Amino acid sequence: MGEAESLSKVSVLITTYNIESYIAETLDTVLRQKTDFLYEILVGDDGSTDRTRSIIEGYLEKYPKKIRLYVMPREKGIDYNRVERSAANRLNLLTHAEGEYISFLDGDDYYLSEDRLQRMVDILEHPDNSDCIMCAHNLSMVYDTGESFPLSRARIERKYTRWQYWKWMFLQSNGFLFRNIFRQHPPTENTKRYFDDNNITYWLFQYGNLYYLPECLGAYRQVSGSSWNAISRMQKACSNMIGYHVELELNGKDRRVSDIRHFPDYGYLFRHRKELTPQTCSPFYETAEKNGLTEALKVYHMGKTGGMQYLRFLGRYISGFCGYGFSKLQRAFLKRFGKY
C-alpha cells in the first residue's frame, strides 16, 4: 500500500458498469480536487463488458498511489439483480477504504466544484458539528438535452435531524460525505442487501444528524434510457416499498415518519390496489417473496383483502395523507420564513 493510501483522510468510492462514455470525466473531476489532506480513489467495476475497465486501468497506471481498482466478475447467462449488485459493489469498496471519511460516486456522475471534498471535511471537523454523521450538498440534475435543474429546492444551509430530513427532503447518495463508521456499525440483513441511496442515508441517520449545503457541488446525470426510467409508475412504487421494509427493519419506532415519506407511493398503490398482481409488481414481488420482505408483501397483497384488513389499509392511507399534507405545509412555512 502506498503512502498516499495509508494516510488518506477521505476515500472516494466510485462504482462503474458499462459507462465508457462517462468514466474519464468522473475521474478527472475527482483528481482535480484541491485539498490540504490526502485522499484515495477506489473504483469498483461490476464486470463491465465495454471499455470502462481499460479506461480505468489507464488512470491506474498514471496514478498508482492514488487509485485502486476492484473488479466484480460476472458469469455468462446469469440475470443479476441491479440493486443487489450495486450494493455488493459499494460494500466491497467500504471494506477496503482507509479514509476517515467516505464519499460515494456513481461512475457516470461528476463533481462541479474543485473544493468539494475540502469544504465538506472542514464542516464535519468543526466542533459545532460533532453531532453530524454526514454532510450533504445539492446536486444538479443534468439531462441529455443539456438542461440542468437542482435536485432539491432546499435553499438554506442548516442541519437536519432524521425526522426532519425524512419528511422534507431527498438527496441522492452522490451528494454525501460521511464519517467512516463501517467497521463499528456495518449494515446488516436487508440494509446490506439493498445498500442504495435512501437506505444508505437512513442507515447513517441512526448515528447522527446531517449538515446540508444548498449549492450544487456535483452533477447527477439523468440518462433517458436508464433502467429506472424504463419501468412503470406502479413498478417504481413497488420498488420503493422494498425501501420502506428496510427502514422499518432498521428502526421500527419510526414507522410514522416512514409512512409520511412513502405516502406518494403507498397512496398510488392503494388507489390502484385492484391492479396489484405478482405480474404487475414484478420483479419486485419476486424479490420481496424471496427475501421475506413482509412489509412490502403486505402492500402488494392489499388488493385481495377485505373487512378489518381493508380498514387497516384505509386507516394507513388516511393517516399518511394527513401526515404528508401537514409535512408539506411545514416545509412551505419554513421556506416562507427563510428556514428551508
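## An aromatic cluster

Phe263, Tyr266, Phe270, Tyr310, Tyr317, Phe321 and Tyr324 are joined into a cluster by ring pairs. Two rings of Phe, Tyr or Trp (its six-membered ring) pair when their centres lie within 6.5 Å. Planes under 30 degrees apart count as stacked, over 60 as edge-to-face, and the rest as tilted. Before going on, a word on the model: it is predicted, so local features need pLDDT of at least 70 and side-chain atom pairs count only at pLDDT 80 or more, while totals for chains, interfaces and linings use all residues. Numbering runs from 1 along each chain as its sequence is written, and side-chain values use heavy atoms, with hydrogens and water left out.

## Two tilted pairs

A pair of aromatic rings is described by the distance of the centres and the angle of the planes. The pairing rule gives 17 aromatic pairs here. Take Tyr165 and Trp166: their ring centres are 5.7 Å apart and the planes sit at 35°, so this pair is tilted. Tyr165 and Trp166 are both buried, meaning under 20% relative accessible area, with over 50% called exposed and anything in between partly exposed (1.4 Å probe, protein chains only).

Phe263 and Tyr324 make another tilted pair, because their planes are at 40°, with the centres 5.8 Å apart. Helices are DSSP runs (H or I, at least four residues), numbered from the N terminus. Phe263 is buried at 7% relative accessible area, whereas Tyr324, at 27%, is partly exposed.

## Charges over rings

Arg233 has its charged end over the ring of Tyr268, 4.7 Å from the centre. Arg336 does likewise with Phe337, at 5.6 Å from the ring centre. To count, NZ of Lys or CZ of Arg must be within 6 Å of the ring centre and within 35 degrees of the ring normal.

## A buried lysine

Which helix holds Lys236? Lys236 is part of helix H9 (residues 233–250).

Setting aside neighbours within four places in sequence, Lys236 is in contact with Trp228, Asn229 and Ile231, where contact means heavy atoms within 4.5 Å.

How values were computed
Helices (H or I, at least four residues) and strands (E, at least two) are DSSP runs, numbered from the N terminus.
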